[in-house]
Structure formats: C-alpha cells, structure tokens
Amino acid sequence: QVQLVESGGELVQAGGSLRLSCAASGRTFSIYTMGWFRQAPGKEREFLARIKWSGVGTYYSESVKGRFTISRDNAKNTVYLQMNSLKPEDTAVYYCATSTSYSGTDYSLYEAWGQGTQVTVSS
C-alpha cells in the first residue's frame, strides 16, 4: 500500500501563492501516476493536475492551467503543487492521490488518497 501525507495548506490573500506537498511512502514502486484534486463544500471532487511517477508527462485542468504547476522530487518521494495567482474560488480541501495504472482525470480511478489539506483564499 501507498501512504500519502499532504501539507502546506493555509489561509492566503487573493493573488498570493502557496506550495502544497505530498509525501509518499510504502509501496512507492507501484505508483504510476500522482494527481492533485480539490473539493469545495457542496461540490464534487475536481481534478487539477497529474504527473507520471517517472516525472515525465504532466497534465492540467483548464481551470488551473497557467497558474498551478505540478512537480516531483525523486529523492524525497514528494510531489508538489505550486499555486500562483490564487482566487477565492480556489478555496477547498486539496488532496493528492495515486494510481498504479491510470493517468486520467477520473478521481474514482485513483486508489490511494491523502487526508487533505485546507486552502482558504480570502478576497
């Protein structure tokens, strides 16, 4: 099994930046893709970005393309989500997740999840 721990969420003003981290442990050799998602109150979980565990190949949702960047540190088994130009509508709980075989946007096909980290953007 893979264990995931997110960190970095906090309260930030609109226009500001945050970097979220997701540290993976356990059977990390089985990871094919790592993705970032978010869920706001009353809304469905939303795909944001994903990166192949090899580090080659990223993909973003249109809602964050150009503002968010996903990256990976091989040595630390950690994936990051750099978020710039934050907006109040970015307020949500942010989750990282992994898949052993899937690299798409459907959250139901990701197998392991972290506990989430709260990001709040004030106007």
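## Strand β11 and its neighbours

Strand β9 (residues 92-99) pairs with β11 in the antiparallel sense, over three bridges. Strands here are DSSP runs of E with at least two residues, numbered from the N terminus, and two strands pair if DSSP finds at least two bridges between them. Within this pairing, tyrosine 94 has threonine 117 of β11 as its bridge partner. A word on the model: it is predicted, so local features need pLDDT of at least 70 and side-chain atom pairs count only at pLDDT 80 or more, while totals for chains, interfaces and linings use all residues. Residues are numbered from 1 along each chain as its sequence is written, and side-chain values use heavy atoms, with hydrogens and water left out.

Strand β11 also has a parallel partner: three bridges join β2 (residues 11-13) to β11. Here leucine 11 has threonine 120 as its bridge partner.

Which residues of β11 are on the covered face, and which on the uncovered one? In this strand (residues 117-122), Thr117, Val119 and Val121 make up the covered face, whereas Gln118, Thr120 and Ser122 make up the uncovered one. In a regular strand the side chains alternate between the two faces of the sheet.

## Rings that meet

Now let us look at the aromatic rings. Rings of Phe, Tyr and Trp (its six-membered ring) pair if their centres lie within 6.5 Å; planes under 30 degrees apart count as stacked, over 60 as edge-to-face and the rest as tilted. By this rule there are six aromatic pairs. In one of them, the centres of tyrosine 95 and tryptophan 113 are 6.2 Å apart and the planes are at 80 degrees, so the pair is edge-to-face. This pair links distant parts of the chain, with tyrosine 95 in β9 and tryptophan 113 in β10 (residues 112-113), 18 residues apart.

Are these two residues buried or exposed? Tyrosine 95 counts as buried because its relative accessibility is 14%, and tryptophan 113 counts as partly exposed at 25%. The cut-offs are under 20% relative accessible area for buried, over 50% for exposed, and in between for partly exposed (1.4 Å probe, protein chains only). Ring pairs link Tyr95 and Trp113 into a cluster with Phe37, Phe47, Tyr59, Tyr102 and Tyr110.

## A charge over two rings

The charged end of arginine 45 sits over the ring of tyrosine 95, 4.0 Å from its centre. That charged end also sits over the ring of tryptophan 113, 4.7 Å from its centre.

How values were computed
Helix = DSSP H or I, 4+ residues; strand = E, 2+ residues; numbered from the N terminus. Lys NZ or Arg CZ within 6 Å of the ring centre and 35° of its normal.
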